[in-house]
Amino acid sequence: MSDQTIPQAAAPEVGPEGPPAPDGPTRRRLLGTAGATGLVLGAAGAAVGYVSAPAQATPLSSIGAGQVPFHVKHQPGITEGLQARGHLVAFDLAAGAGRKEAVALLRRWSETARRLMAGEAAPNDDTDVARDAGPSSLTITFGFGNSFFARTGLEKQRPVALDPLPDFSSDHLDKARSNGDLWVQIGANDALVAFHGLRAIQKDAGSAAKVRWQMNGFNRTPGATAHPMTARNLMGQMDGTRNPKPTESDFDQRIFVPASSKKDPAWMANGSYAVVRRIRMLLDDWEKLSLTAQEQVVGRRKANGAPLSGGDETTAMDLEKTDANGDLVVPLNAHARITRPDQNGGAAMLRRPFSYHDGIDVDGTPDAGLLFVCWQADPLRGFVTVQRKLDRGDALSKYIRHEASGLFAVPGGAAQGEYVGQALLEA
Ligand SMILES: C=CC1=C(C)c2cc3[nH]c(cc4nc(cc5[nH]c(cc1n2)c(C)c5CCC(=O)O)C(CCC(=O)O)=C4C)c(C)c3C=C
Ligand SMILES: [Fe+2]
């Protein structure tokens, strides 16, 4: 199994003629051809309807061609750059389904994920939704919730780290949209490719599992701005500046379970724990604040993400700096101050969220915010430690509401010929 060293999804090597094919063009090559050619012809010939694609190969655009490998040390969808579109979906095993059905399901899901991530058709009944696109950096990531283990008779394999998250005073959680036996995260840089993945995963579930909840999210399209590495959230802030970087020496130790872990079961080696929170943003209240007030809430400049103590986005925050009146320039309750690892006993997590917008309530309030997904080797030391601190006095808390929650054990990536979770299910 190869090491996963791809901070951004890589485009496959596709020459002007497409990838070499031993016995004629591959399906993906044809898909790319049809997509690109159809686009050009479609613009010119809209009045005469669709034109069938000629057989010459035309390379996919760089976004369509982005491909993330499936058989890697850590599951895909954790360290890759943010994707433009995301779907989160949780399933509960059906009544009467147990370990045997779970094995078959994870086998089906893994094969579907492997194929779709390579830009191939789904194994059964492909819906053709992504026919004209490449893999568009599709990732499909699988996790297990606390309730999965009793359902499958695998209680002894349940990680202690999956103990339910504590209640936080600011929680407004909807139980029906929280947790679940199984969790799947689907991300891609194209909305149709992502939906295609979601539909295939749902169809694969068949009678073995039923959807418990499902959420849709989005991020900026790659290449759409001059600051490709730091995205903005729906409050307009640069969000992700201080994320741990794969190049840092302690990155793996903070984000992934080591094979030598004494507190995690062996099947979690190279895995990670995902905390998922649907956090609504109270945008009407937030947008009434002046720019200065918004910056005081976060502790960073809105325009460029620089700390209020000065410099640019990457400048270290000076926590002690005072203004002419002797007041701290980064307020004591500023979000970016109190979430820092050095204020939380070293607690760190990799935040990899999607924004969401689920329409407008009857009173005109947007149902919009953040599908906050964070990754860590230990959720108690990571998310829980920081959220407890935020619960005690985060200036941002007046403007957000946690509405749903999930905690999932995400095993390491599947080796060639294996399926995700095999080490657990065949333990
Ligand atoms: C419990 C963990 C966290 C929750 C929940 C959370 C919600 C949340 N955050 C923002 C906006 C920003 N967060 C920023 C930094 C930041 N946030 C957390 C943790 C949670 N945030 C951490 C660990 C950090 C990094 C701290 C550090 O290492 O210094 C920032 C600043 C820029 C950045 O570093 O990303 C912003 C902006 C929102 C809007 C939100 C809920 C909707
Ligand atoms: Fe934050």
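In the predicted model, helix 10 makes the largest contribution to the shell around ligand 1, supplying four residues. Helix 10 spans residues 380-391 and is one of five elements that each provide at least two residues of this shell; the others are strand 6 (238-239), strand 7 (272-281), helix 9 (335-338) and strand 10 (366-376). The shell comprises 28 residues, of which Gln-237, Thr-241, Arg-242, Thr-339 and Gln-387 come nearest to the ligand. By class, 15 of the shell residues are nonpolar, eight are polar and five are charged.

The UniProt record, an unreviewed entry, places the feature "domain: Dyp-type peroxidase C-terminal" at residues 230-414.

The protein as a whole contains eleven helices and eleven strands. Of its 427 residues, 44% are buried. Among contacts between residues at least 6 apart in sequence, 77% link residues separated by at least 24 positions.

Strand 1 covers residues 85-93 and is largely enclosed by the rest of the structure, because eight of its nine residues are buried. Strand 1 is paired with two other strands, strand 3 and strand 4. With strand 3 (residues 182-188), strand 1 runs antiparallel and is joined by seven bridges. Within this pairing, Trp-183 of strand 3 is the bridge partner of Ala-90. The pairing of strand 1 with strand 4 (residues 209-218) is also antiparallel and comprises nine bridges. Here Asp-92 is placed opposite Lys-210 of strand 4. In a regular strand, side chains alternate between the two faces of the sheet.

The domain assignment divides the protein into domain 1, residues 33-65, and domain 2, residues 68-425. The C-alpha centres of domain 1 and domain 2 are separated by 35 Å. Contact between them involves seven residues of domain 1 and eight residues of domain 2. On the side of domain 1 that touches domain 2, helix 1 (27-44) and helix 2 (62-65) are the elements that give two or more residues. The residues on this side of domain 1 comprise four nonpolar and three polar residues, with no charged residue.

Technical notes:
Residues numbered from 1 in each chain as written. Chains lettered and ligands numbered in written order. Predicted model: local features only at pLDDT ≥ 70, side-chain atom pairs only at ≥ 80, totals over all residues. Buried ≥ 20, exposed ≤ 12 C-beta atoms within 10 Å, placed from the backbone. Contact = placed C-beta atoms within 7 Å. Near = placed C-beta within 6 Å. Nonpolar A, V, L, I, M, F, W, Y, C, P; charged D, E, K, R; others polar. UniProt positions renumbered as here; feature names shortened; annotations may be inferred. Pairing = 2+ DSSP bridges. Domains from an automatic or database assignment.
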